[in-house]
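Here is a short briefing to read alongside the model. Please keep the viewer open as you go through the points.

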Amino acid sequence: MTNGLLQIARAASEAALATEGVYSMGSGRFVEAATYEGGDKVTGVVVKPDELEIHVVARYPLPKPIPEISKNIMERVAPHAGDRKTLVVVEDLEVGADENL
Amino acid sequence: MRIFNRIVLIVVLAGLFLLGVYMVVYSFDLFDHKLASLPFSPAGKSISGFIGDVTRGSLTVLGVIILVLVAIVGLILLIAELKPRTPQRVRMQKGTYITRGVVEGEVEEAAEGTPDVLGSTTKVQAKRSPGAKINLDANVRRGENTNAIKSNLQERVQQRLARSGIPVGSLKIRLNESDPRETKTRVQ
């Protein structure tokens, strides 16, 4: 466990951000979605004993349907999740800076 | 409903606690309070009379109605407490969720891009099964062919959601004939 929730969260966050269609990490709607440890925090990833919750803001226009983006995120995050089940929550859609919409 | 049930339970438990304290005080004649000196109010007498009737099995019709009503209220509160909560997020597929706000945004964009729709409001509810329950209210001018607009609107919303991969549980569309001066856009 010392290997740390934060380490897992950081790795998962980087993996999620590297996925096509992910604009940024989400921060939660009613409760902050983050992992805390030793006065530090990683926003957008909640590491639970048996679950890894990834909160993302998807890029608009969507390069592919949301379920596919989610599947890609799960695949990228899986090596860092261990035995945990991965959940992906799409919190919002954001127009990319390079889009003229 | 959980909050309402919790409040009811807190009030009932607080009442029981107070009654318990009074019972101990009066039963053991503490602080010069004696059971025999308790004045019985008319309401107290009628309640004790009612309880006596219940134990004897000689209730009036009104008594039976009151007891049935109490039982029904109790049953409703119990069901409300046991009923699982409506989820906050829309379930898409295994392990993927989307916030209701995103679905609302997608539906409104599709609706407001439909010809003859001057504005819209959407309400999305998450279901326990995959898919969202969508209620869409769209504003159109008076005298328009509402049937054609409705089917066009339905098609566009479904296409847009399908493109995003958002499953639709149910889609209810209501067209309101409105004055264009009061809608989001005047011309479409």
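Two residues are in contact when their C-beta atoms, placed from the backbone, lie within 7 Å. By that rule, the contact between the chains takes 17 residues from chain A and 15 residues from chain B. This is a predicted model, in which local features need pLDDT of at least 70, side-chain atom pairs count only at pLDDT 80 or more, and totals for chains, interfaces and linings use all residues. Residues are numbered from 1 along each chain as its sequence is written, while chains are lettered from A and ligands numbered from 1 in the order in which they are written.

**Where chain A touches chain B**
- On chain A, the elements giving two or more residues to this side are α2 (66–81) and β6 (85–95); helices (H or I, at least four residues) and strands (E, at least two) are DSSP runs, numbered from the N terminus.
- β6(A) provides the largest share, nine residues.
- The chain A side divides into ten nonpolar, two polar and five charged residues; here Ala, Val, Leu, Ile, Met, Phe, Trp, Tyr, Cys and Pro count as nonpolar, Asp, Glu, Lys and Arg as charged, and the others, Gly among them, as polar.
- β6(A) also runs parallel to strand β2 (residues 96–99) of chain B, joined by three bridges; strands pair if DSSP finds at least two bridges between them.
- V89(A) has Y97(B) as its bridge partner in β2(B).

**Helix α2 of chain A**
- With 16 residues, α2(A) reaches 21 Å from its first C-alpha to its last, close to the 22 Å expected (1.5 Å times one less than its number of residues).
- α2(A) bends by about 30 degrees at E75(A), with P79(A) following within four residues; the bend is the angle between axes fitted to the seven residues ending there and the seven starting there.
- Just after α2(A), G82(A) takes a positive phi of about 65 degrees.

**A hairpin in chain A**
- Strands β2 (residues 34–37) and β3 (residues 40–43) of chain A run antiparallel and are joined by four bridges.
- A34(A) stands opposite T43(A), and G38(A), in the hairpin with two residues between the strands, takes a positive phi near 50 degrees.

**Chain B overall**
- Chain B has five helices and five strands, in the order α-α-α-β-β-α-β-β-α-β from the N terminus.
- Its C-alpha atoms fill a box of roughly 80 × 40 × 35 Å along the principal axes.
- Of the 188 residues of chain B, 17% count as buried, with 20 or more other C-beta atoms, placed from the backbone, within 10 Å of their own.

Notes:
A residue is buried if 20 or more other C-beta atoms lie within 10 Å of its own, exposed if 12 or fewer, and partly exposed in between; C-beta atoms are placed from the backbone.
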